[in-house]
Amino acid sequence: MTRQRVQPADDVLGDVMGELEQVFAALAALGARFADLVEQTGQPSREHVASLRPAIFDLLAAHRELVTGAGIVTAPGLLADAPRWLEWWWTTTRGAPEALRVNLDPGAPDFYDYTTTDWYATPERTRLARMAGPFVDFACTNEYAITLSSPVHAGGEMLGVAAADVLVSSVEGRVLPTLVALDRAVALTNADGRVITSNTPAVVTGQRVDAGAQGASSWLLVETS
Amino acid sequence: MVSLRQHREPAPVGLTTAAARTLLAPLDDAGGRADLVARRLGEAIRLGLVLDGERLPNEARLAEQLGVSTVTLREALAMLREQGLVSTRRGRRGGTFVRAPADPAAPLLRFSVQELRDLGDHRAAISGTAARLAAERALPEEVHRLHEQAQRLRAATTASERRRADTQFTIEVAAAAQSPRLAREEARLRAQVGDLLGLALEAGEHALLVRERDRLVDAIASRKAERARRLAERHVAVETERLIRRRLRAYGSA
């Protein structure tokens with residue numbers, strides 16, 4: 001394999017990477033409000049979590065070009081009236097945000113166990129924000145998506161995550177105008193070397209570009225020819 | 001069966017995963033097409049997304065979910081009643097309830113041998129491509145999930161557990177291929193074939209099925225794309241042959 005030149009995505013795609021940082025900041029703020037709520041109420045109910053809806057809608061509105069869904073996902077056993085809960089809203093073609101309905105009954109055939117997802121389990125383990133994907137979200141939205149998630153802790157206890165979904169198509173719309181103007185073939189990859197988008201048909205979304213992606217902490221631009 | 005269901009509290013409906021939503025996505029141009037609505041709902045029931053005894057949402061809500069008029073929905077539900085897939089009860093605890101097909105071999109009779117062969121061809125195309133792309137594209141984390149799913153299949157003891165675990169396995173392979181379309185297509189195909197694969201396996205067949213899935217995960221893990229494709233195709237071919245053999249037997253006993 002030819003040697004691949006790699007650079008941080010921020011160098012070229014400062015605009016969209018900056019907005020993703022803003023989304024993470026908004027998620028951290030949302031998560032902090034959720035943590036306050038837990039502290040104030042002792043053991044919150046779904047209704048308490050529902051009081052965060054205006055903040056979730058604001059986040060969706062502020063980043064509507066990138067973010068399609070956002071919300072709070074609670075740690076199992078935290079809420080008084082639901083063992084597991086997603087206060088999750090997504091924007092639809094109809095305009096107004098819509099609540100995501102998933103089956104949270106462990107005995108059901110379509111039980112959605114979010115605790116095993118990359119966007120929940122990884123920040124739970126590392127206590128750090130996580131950019132999961134791109135992945136096929138077959139359990140929820142059936143979209144090819146990236147999930148930004150920010151863990152919420154109180155002392156040593158995991159309370160849940162504040163998270164947002166970004167469609168790969170939306171990222172593509174934002175970055176390809178810049179990438180196709182470059183005079184070289186490059187792919188935008190996640191930290192694991194998975195291609196998010198590229199300016200050449202020879203390298204496609206979802207593909208693995210292994211060289212140069214080792215140990216990265218953020219998205220990369222990998223020269224591919 | 002009926003008495004069992006009467007003792008059960010109406011359960012909340014579980015039409016919530018992407019697979020279910022795909023089947024129940026608002027139909028484009030569905031005005032008056034009750035047969036299409038009936039087929040979609042029937043598929044969700046056969047896939048096991050809605051369990052025996054489960055109550056469907058009320059007519060207004062279900063019609064809205066499906067993007068059809070309540071008149072069309074009522075017509076569709078009447079068709080499903082005729083097929084014995086739902087029953088309707090009146091009163092405070094009333095509503096429309098799902099009924100699992102009574103005779104496990106009955107679904108097979110809906111297909112001709114030619115249709116079973118064609119279904120097998122379609123499944124081989126989708127599963128084969130999904131397996132090949134998964135071998136090329138999957139990251140270690142996704143391979144790990146496939147291993148776990150194969151474990152779940154190994155631990156399955158009943159026909160419905162086995163069907164569910166294997167359905168989930170095929171959808172996860174398509175997800176590892178990074179293709180929402182292939183994942184959706186696998187869900188659709190499994191809906192059509194699901195109750196057929198739920199037929200009782202003969203002795204040793206479960207162990208064989210598990211071994212085949214393990215081999216496929218190994219091929220994907222070691223990034224052997226062509227081998228993964230071949231294994232997935234052969235798996236479908238063996239299953240199709242088994243179904244055709246049973247269908248031929250049904251002709252014999254007719």
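Predicted model: local features only at pLDDT ≥ 70, side-chain atom pairs only at ≥ 80, totals over all residues.
1. Chain B contains eleven helices and two strands. Of the 254 residues in chain B, 43% are buried.

2. With 16 residues at 1.5 Å a residue, H7(B) should span 22 Å, and the 23 Å between its end C-alpha atoms agrees with that.

3. Which residues of H7(B) are buried? They are Glu142(B), Arg145(B), Leu146(B), Gln149(B), Ala150(B) and Leu153(B). Because these residues cover an arc of only 140 degrees around the axis, they sit on the same side of H7(B). The background is simple: an α-helix has 3.6 residues a turn, so residues three or four places apart point the same way.

4. Now look at what surrounds this helix. The buried residues of H7(B) pack against helix H8 (159-176) and helix H10 (205-221) of chain B. On the face turned away from the buried side, H7(B) carries the exposed residues Pro140(B) and Ala155(B).

5. Finally, the largest nonpolar core has 110 residues, and Ala131(B), Ala134(B) and Ile220(B) touch the most other members. Helix H1 of chain A (residues 14-41) gives this core its largest share, eight residues. Beyond its neighbours within four places in sequence, Ala134(B) is in contact with Val173(B), Ala176(B), Ala177(B), Ile220(B) and Ala228(B).

Methods
Residues numbered from 1 in each chain as written. Chains lettered and ligands numbered in written order. Helix = DSSP H or I, 4+ residues; strand = E, 2+ residues; numbered from the N terminus. Expected span 1.5 Å × (residues − 1). Buried ≥ 20, exposed ≤ 12 C-beta atoms within 10 Å, placed from the backbone. Arc of directions from axis to C-beta. Contact = placed C-beta atoms within 7 Å. Core = buried A, V, L, I, M, F, W, Y, C linked by C-beta atoms within 7 Å.
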